[in-house]
Amino acid sequence: MNAIHALKIAGVVALIASTAACSNMSARERNTAAGAAIGGVAGSVLTGGSAAGTIGGAAVGGVVGNQIKK
């Protein structure tokens, strides 16, 4: 297993573990967090694990998630 794959797995585990902290968040805050997480993973996958792609995907996903159900 290479380092990038291990880092992706660790990120998913951290995301799943942190969902308990979202219980007192508003729907908009949850959508923003979910959008950022999904965007980060998508950006990473689409750019082959590039840090810039991951950060860019998270930023775009967070904005999209924030705008859902205004």
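**Before I start.** I call a crossing of two helices right-handed if the near helix is turned clockwise from the far one by less than a right angle, and left-handed if it is turned anticlockwise. I keep in mind that this is a predicted model.

**Entry 1: the overall picture.** I looked up the make-up of the chain and found 3 helices and 0 strands. Read along the sequence, that gives me the pattern α-α-α. The C-alpha atoms fill a box of roughly 40 × 25 × 10 Å along the principal axes. Of the 70 residues, 16% are buried.

Entry 2: Next I turned to H2 (residues 27-46) and H3, whose axes come within 6 Å of each other. How do H2 and H3 run relative to each other, roughly parallel or roughly antiparallel? Their axes cross at roughly 150°. That makes H2 roughly antiparallel to H3, because angles over 145 degrees count that way. Using my opening definition, I noted the crossing of H2 and H3 as right-handed.

**Entry 3: a nonpolar patch.** Which residues form a nonpolar patch on the surface? I found Val60, Val64 and Ile68, with about 260 Å² of accessible area together. Valine 60 lies in helix H3, which covers residues 51-67. Its relative accessible area is 54%, so valine 60 is exposed, the cut-off being over 50%. Valine 64 also has its place in H3, but with 47% it is partly exposed.

**Entry 4: one distance.** Last, I looked up valine 64 and alanine 34, which are 30 residues apart along the chain. Their C-alpha atoms are separated by 9.9 Å.

Definitions and conventions: Residues numbered from 1 in each chain as written. Predicted model: local features only at pLDDT ≥ 70, side-chain atom pairs only at ≥ 80, totals over all residues. Heavy atoms only, no water. Patch = residues over 30% accessible without salt bridge, like charges linked within 9 Å, V, L, I, M, F, W, Y side chains within 5 Å. Areas by Shrake-Rupley, 256 points an atom, 1.4 Å probe, with all protein chains shown as cover. Salt bridge = Lys/Arg side-chain N within 4 Å of Asp/Glu carboxyl O. Helix = DSSP H or I, 4+ residues; strand = E, 2+ residues; numbered from the N terminus. Buried < 20%, exposed > 50% of the residue type's maximum accessible area, 1.4 Å probe, protein only. Axes fitted to C-alpha atoms, helices over the stretch in contact; angles between N-to-C directions. Parallel < 35°, antiparallel > 145°, perpendicular 65-115°, else oblique.
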